[in-house]
Every structure is written in structure tokens, then in C-alpha cells.
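Please keep the structure open beside you as you read.

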Amino acid sequence: MTKSKFETGLWTRRQALKTMGIAGAGLAASSLAAPALRAQGNKPIRFLNCETGKDTLAFFSKVAKEYQEKTGIEVVIDSVPLGESFTKITNGIRSGTPYDVANVGFIGHVLLLAEQEQIVPLNELTDEYQWGNNILFPIDNKVYWYPFDYNLALIYYRKDLYETNGLSLPNTWDAFVQNSEALVQGRQKGALFPIGSNGATNWMSFAFLWAEGVKLFDDQWNVILDNDEMKPRVAAYLDFMTKLYGTMPPGALQASYSDVLSNLVGGAVAHGAYAGRVLEAAERDNPTLAENLGVMPYMDMSGKQKAVSHGYDGWVVLKTDNTGPAMDFMRWLTTDRMVDFLHTAPVHFQPTRLDIYEDQRWRDNAMIQKYSGVVEQMRELVTDESVVLTSIDTQGPAPDVRPGKVFESFVMPEMLQNKILREMDSAEAVDQAAAKMREVIK
């Protein structure tokens with residue numbers, strides 16, 4: 001498989017320290033020395049989990065007991081929302097009680113931990129497998145995390161409403177707006193794509209730009225959003241989103257992940273973006289609607305290109321006095337128990353390892369069988385080299401924390417707000433966004 005730009009990238013200590021956010025700067029400033037590795041007998045393995053679904057929590061409780069029975073080593077599971085993960089990791093390091101394994105969901109945090117030599121390479125766990133596109137993010141050929149799932153933002157649409165209204169799948173922005181306008185019927189709205197200053201907007205609302213070939217940086221890390229090539233495309237996107245906003249329910253400014261999920265599952269909107277969890281929630285709460293949901297990638301302006309918004313989750317192993325046993329546990333978890341883990345959210349936890357798609361044990365799951373068409377679409381999106389797979393935080397020529405700074409500063413959502421809410425000229429909104437990007441990555 002062709003390597004993506006992130007498969008060969010380099011980054012530097014100076015880049016990391018200069019451009020990371022407040023949490024990262026705090027870790028860097030602490031200049032923590034990583035403890036030397038040494039054997040520690042049957043010391044408990046401390047595992048920070050950020051997948052807090054009921055079935056996933058039950059899985060980790062079960063495997064912790066199973067592993068202790070198998071090896072005599074206790075596995076202590078702490079579970080927190082993903083947004084609290086990096087703070088918990090850094091606080092543990094500072095206090096001298098670090099986690100041995102931790103869940104991370106932002107490649108910038110992986111980069112900073114690797115630069116500070118707080119985590120160890122995991123090539124012995126990753127090298128033997130084939131992986132989907134743009135997911136390992138190696139540094140000097142060393143892989144510092146074990147990605148367990150893609151969280152691609154896809155566009156969900158109502159197949160039944162498309163059939164009733166004689167609509168075809170849209171290949172252009174204009175066609176998508178027209179379909180959304182056609183499906184505004186009473187209390188049902190045409191679409192919901194967040195525009196607020198939050199992570200949901202960063203994840204759900206900009207893959208139209210990636211399909212259009214927009215890039216935030218050139219190969220030398222210069223901001224190019226406002227250059228002669230990108231600016232007209234971004235301005236056209238802002239005009240498109242202004243039209244699409246007219247089909248959205250009130251509250252798009254405040255909409256976050258849960259709002260989009262509930263509007264899709266409740267049947268309040270005909271289009272919206274999310275990962276596989278939509279089907280799991282709909283299967284539980286609105287099974288009739290679940291069978292009428294389809295997915296499609298984001299499209300460009302002219303119908304030539306498709307894209308999806310990148311998302312991911314993974315585990316890192318920290319450099320502690322218990323790293324050896326932690327690696328043994330991870331080897332067991334990612335081989336003997338990997339399928340069981342993925343089955344705790346079978347459609348949402350989209351495999352990153354390509355061999356899993358052919359694993360009959362994984363395929364035998366009832367949800368995967370029922371939604372096999374969607375699952376196959378998701379697989380194609382991470383193996384088809386023609387599909388653009390990127391996001392704000394994975395933009396640029398190599399893995400780096402600068403795109404993360406842009407992500408965390410909400411430059412892109414503010415550009416949308418300037419156009420849609422403040423009625424700013426599109427070109428001016430692009431210029432302001434580019435200027436702020438240059439400021440935040442200094």
C-alpha cells in the first residue's frame with residue numbers, strides 16, 4: 001500500500017515545544033525525566049481507558065480479572081472521558097504515579113509524549129499487520145501508538161426520504177444543498193452540520209474542503225489558506241455552507257456531538273455527519289429509522305473528488321518501571337482479545353488493521369452482519385487511495401503539533417461564523433482565518 005505523507009514524516013523537539021497548547025507546554029516545561037526500565041515483579045498495570053460505553057466498560061472489567069487469573073498480575077482500569085485523558089496522563093507523570101497504558105485521541109498528544117520520551121515505540125505490536133490509510137503516524141519509522149479504531153465523520157442520509165422524493169445521491173455541493181432544501185418538510189430539517197467553536201464543528205463540517213483539495217499548509221509549513229489557489233475554493237465553501245445553513249434546525253451554533261447524534265437518531269434531520277455510533281444508537285432507540293439510514297462521503301464542488309473527515313483512537317505504552325509487563329498485557333489485548341474489544345461497539349469501532357475485516361469471528365457479530373453494506377463502505381474509504389482522508393489536526397506535510405494548534409484555537413469554526421452569522425464577505429473571512437492561523441502557530 002502506498003505510504004501517505006504521514007507515514008514518513010519527521011518532527012523536532014523545537015517544533016513541539018514551540019507550538020503545543022497549554023497542557024503540552026506544561027508537560028514540556030516540567031522537563032520530566034522518564035524512569036529507567038526495570039523489572040518490578042507483579043506490580044499492577046495501570047490502564048487509563050477513555051471508551052466509556054457500557055459494554056466497553058464491562059469488557060475491561062472482565063479482561064482485567066481474566067488477565068489476573070492468567071498471569072497473577074493485577075490490571076487496574078481507570079475510565080474517564082477522552083477530553084480528560086491528556087490531563088490525567090500528564091498529572092500521573094508529574095506526581096510520580098504514571099499510567100502504564102493510556103488511551104489517546106489526538107495525534108498532537110502522542111507527538112509531545114514521544115518527544116519527551118514518556119512513551120515507547122510499539123513496532124513489535126504493529127509491524128506484522130497491514131493497516132488502513134493514514135493511521136500509524138510513524139516518527140523516524142517508529143510507531144508510538146496502537147490505533148484501535150477509525151472515527152471517520154461520514155454523511156448520513158435518509159434512504160427512505162430520498163426514495164420518496166425521487167432524489168439521487170449528490171456529487172456536488174449544489175446538489176447537496178438542493179437535496180437538503182427538498183427535504184425541509186415541517187419540523188424535519190434538511191441537514192445539521194455544526195458551526196460553533198467546538199470539536200464537533202472541527203470534525204464534522206470541513207471535509208467538504210478536503211474534497212475540494214484545500215490544504216492549510218504547504219510543504220514548508222507556510223499557511224496557504226489565503227493563497228491564489230486555495231482562497232477561491234474556501235470562499236466558495238463558505239458560500240455553500242451559508243446556503244446549507246438555511247436548511248438546518250435552530251441551534252446549529254451550539255450543536256455538539258450529542259446534538260447531531262440525537263437529531264439524526266430522532267429523525268429530525270435528513271442529513272448529518274457522524275461515525276458508526278449513529279447506527280448503534282438508532283438500532284437501540286429507533287430501529288425503524290436505523291434501517292433507513294445510509295452513508296456517503298463528502299463531495300467537492302464539481303463532482304470529481306470524495307473525502308472523509310479523519311478521526312482515530314489508540315493506546316500508548318508509557319516508559320515506566322512497569323513497561324515490560326505492560327507490553328505483555330498489550331500484546332495479549334491486541335491479539336487474543338482485540339475482536340472482543342471491537343465488538344463492544346461493533347459498527348462504531350471501525351478496525352484500523354486490515355486483517356480484522358477478514359476475521360470470521362469479527363464478521364459473525366450480528367450488528368456487523370446487519371449493516372455489512374455500511375461496514376464495507378467504511379472499509380473502502382480507508383483503503384481507496386483516491387479518497388481524501390484528512391482533518392484539521394492531520395494537515396501538513398508530516399506529523400506535527402501545529403495543525404493541532406489550529407484545531408484547538410477554533411480558527412476554522414470562527415471563519416464559518418464570520419460568514420454565516422456576521423455576514424462577512426467570504427474573501428475577508430478567509431483572510432482573517434489565515435492571519436489567525438499564522439498567529440497561533442508562531
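1. Strand S3 (residues 101-104) runs antiparallel to strand S10, and four bridges join the two. Within this pairing, Asn103 has Trp315 of S10 as its bridge partner. Strands pair here when DSSP finds at least two bridges between them, and helices (H or I, at least four residues) and strands (E, at least two) are DSSP runs numbered from the N terminus. This is a predicted model, in which local features need pLDDT of at least 70 and side-chain atom pairs count only at pLDDT 80 or more, while totals for chains, interfaces and linings use all residues. Residues are numbered from 1 along each chain as its sequence is written, and side-chain values use heavy atoms, with hydrogens and water left out.

2. S10 also pairs with strand S4 (residues 146-150), again in the antiparallel sense and over four bridges. Look for Pro147, which stands opposite Gly314 in S10. Five of the five residues of S4 are buried, where buried means under 20% relative accessible area, exposed over 50% and partly exposed in between (1.4 Å probe, protein chains only).

3. How many of the residues of S10 are buried? In this strand (residues 312-317), six of six are. Both of its faces are covered: one side carries Tyr312, Gly314 and Val316, the other Asp313, Trp315 and Val317.

4. Now for the aromatic rings: the structure holds 36 aromatic pairs. Rings of Phe, Tyr and Trp (its six-membered ring) pair if their centres lie within 6.5 Å; planes under 30 degrees apart count as stacked, over 60 as edge-to-face and the rest as tilted. Phe176 and Phe208 have ring centres 5.8 Å apart and planes at 50 degrees, so this pair is tilted. Phe176 belongs to helix H8 (residues 173-182) and Phe208 to helix H10 (residues 207-211), so the pair links distant parts of the chain, 32 residues apart. Phe176 is buried at 0% relative accessibility, and Phe208 is buried with a relative accessible area of 0%.

5. Another pair, Phe341 with Phe349, is stacked, at 4.9 Å centre to centre and 20 degrees between the planes. Both Phe341 and Phe349 are buried.

6. Phe349 turns up again in the lining of the largest cavity, together with Pro346, Val347, Gln350, Pro351, Tyr357, Trp362, Val375 and Met378. A search of the whole structure finds one cavity of 30 Å³ or more, and the largest cavity holds about 40 Å³ of space. On a 1 Å grid over the protein atoms alone, a cavity is a set of points where a 1.4 Å probe fits but cannot get out; lining residues have an atom within 4 Å of a point. Grid points are joined across faces, edges and corners, and the volume is the space filled by probe spheres set on them. The lining has eight nonpolar residues, one polar and no charged; Ala, Val, Leu, Ile, Met, Phe, Trp, Tyr, Cys and Pro count as nonpolar, Asp, Glu, Lys and Arg as charged, and the others, Gly among them, as polar.

7. Finally, Ala290 has its place in helix H14 (residues 287-290) and counts as buried at 1% relative accessibility. Its C-alpha atom is separated by 8.3 Å from that of Val278, 12 residues apart along the chain.

Methods:
1 Å grid on protein atoms, 1.4 Å probe; cavity = no way out; pocket = protein on both sides within 12 Å on 5 of 7 lines; lining within 4 Å.
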